[in-house]
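Have a look at it first, and then we'll go through it piece by piece.

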Amino acid sequence: MKIRVLFFAALKDLAGKSEGIYEANSEETAAGMAIKILGFSSSLLFAVNDELVASDFKLSDGDQLAFIPPMAGG
Amino acid sequence: MFIKIISEPIHVNEALGYVRDPSCGAVTMFEGNIRNENNGIEVQNLEYEVYETLFHKEVNTILDEARAKWKIHKVAVIQRTGLLQVGDTGLIICVSSGHRREALDSLSYIIEEFKKRAPVWKKERTTVSEQWINWTPQI
């Protein structure tokens, strides 16, 4: 299945792009995709289709997955 | 409630004008500005990045929580994005209520939750380094 992945802030610098389309196995989780693509998942939050989800959220074909680094607003 | 993300300079009066009301004796405002130093090092500028769709959802949730806790009339949030210089305003939050205590306490709650939960990031450029505030991946 295909997943659209969004990168923000330090992760965008790390990935060298703000988004990309990635292949994923069925039953793949949000954190599993982070480990595959970034090499780590700790410190991150995840949003699927613009909703925050748990790290073990199971992805579906066509989902948009955002990797969210620690926030720094205000 | 009024929530807006803009790339142009923030006009404080837009937020104040939205929340002011004849029924409200109190208006409070938080203005987040770009400071000229961080830990003694001169800051040159800050780059703001926002995950806009999630920002609207999360900030709406925070404002709903504040409304459930305090009797407040209106809230305005304006977030700037893009490259900001020292002295520029990155964030405005205004709250109006009948009396001062609700406006003061709810504003404090909103800004503290905003800092933890609003998907906003800042890349700080100083005279000696350039880094995302709060977190840099350790690979």
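Leaving aside its neighbours within four places in sequence, which residues is A:Gln64 in contact with? They are A:Arg4, A:Leu6, A:Ala47, A:Val48, A:Asn49, A:Asp50 and B:Tyr51. Keep in mind that this is a predicted model.

**Around A:Gln64**

A:Gln64 sits in strand S5 of chain A. With a relative accessibility of 14%, A:Gln64 counts as buried, because the cut-off for that is under 20%. Its side chain has a polar contact with the side chain of A:Arg4, at 2.8 Å. The side chains of A:Gln64 and A:Asp50 are joined by another polar contact, at 3.0 Å.

**The cores**

Now for the nonpolar residues on the inside. The largest nonpolar core has 32 residues, and those touching the most other members are A:Met33, A:Leu44, A:Phe46, A:Leu65, A:Phe67 and B:Tyr51. In chain A, at least two residues of this core come from each of S1, H1, helix H2 (30–37), strand S3 (45–48) and S5. There's also a second, separate core of 26 residues, and among its members are B:Val50, B:Val77, B:Ile110 and B:Ile111.

**Where the chains meet**

Let's turn to the interface. On one side, 27 residues of chain A are in contact with 26 residues of chain B. The size of an interface is often given as the accessible area lost when the parts come together. For chain A and chain B, the buried area is about 2200 Å², and carbon and sulfur atoms give 63% of that.

How many residue pairs are in polar contact across the interface of chain A and chain B? There are 14, with both residues at pLDDT 80 or more. On the chain A side, strand S1 (2–7), helix H1 (9–15), strand S4 (51–53) and strand S5 (64–68) each supply at least two of the residues that touch chain B. H1(A) gives the largest share, with six residues. Sorted by class, the side of chain A that touches chain B has 18 nonpolar, five polar and four charged residues.

**Salt bridges**

Side chains of opposite charge can pair when their charged atoms come close. Over all chains, the structure holds 16 salt bridges, and three are found across the interface of chain A and chain B. Here are some of the pairs.

| Pair | N to O distance |
|---|---|
| A:Asp13 and B:Lys123 | 2.9 Å |
| A:Glu23 and A:Lys2 | 2.5 Å |
| B:Arg117 and B:Glu65 | 2.9 Å |
| B:Lys116 and B:Glu113 | 3.1 Å |

Take A:Glu23 and A:Lys2, which meet in a salt bridge. This pair links distant parts of the chain: A:Glu23 is in strand S2 (residues 19–23) of chain A and A:Lys2 is in strand S1 of chain A, 21 residues apart. A:Glu23 is exposed, with a relative accessible area of 51%, while A:Lys2, at 46%, counts as partly exposed.

Why does the pair of B:Arg117 and B:Glu65 tie together parts that are 52 residues apart in sequence? Because B:Arg117 lies in helix H3 (residues 100–117) of chain B and B:Glu65 in helix H2 (residues 52–69) of chain B. B:Glu65 counts as partly exposed, at 24% relative accessibility.

B:Lys116 and B:Glu113 tell another story. They are three residues apart in helix H3 of chain B, so about one helical turn separates them.

Finally, salt bridges that share partners join A:Asp13, B:Glu47, B:Lys123, B:Arg125 and B:Glu130 into one network.

Methods:
Residues numbered from 1 in each chain as written. Chains lettered and ligands numbered in written order. Predicted model: local features only at pLDDT ≥ 70, side-chain atom pairs only at ≥ 80, totals over all residues. Heavy atoms only, no water. Contact = heavy atoms within 4.5 Å. Buried area = accessible area lost by both parts, 1.4 Å probe. Salt bridge = Lys/Arg side-chain N within 4 Å of Asp/Glu carboxyl O. Polar contact = N/O pair within 3.5 Å; in protein donor to acceptor, adjacent residues only side chain to side chain. Helix = DSSP H or I, 4+ residues; strand = E, 2+ residues; numbered from the N terminus. Nonpolar A, V, L, I, M, F, W, Y, C, P; charged D, E, K, R; others polar. Core = buried A, V, L, I, M, F, W, Y, C linked by side-chain atoms within 4.5 Å. Buried < 20%, exposed > 50% of the residue type's maximum accessible area, 1.4 Å probe, protein only.
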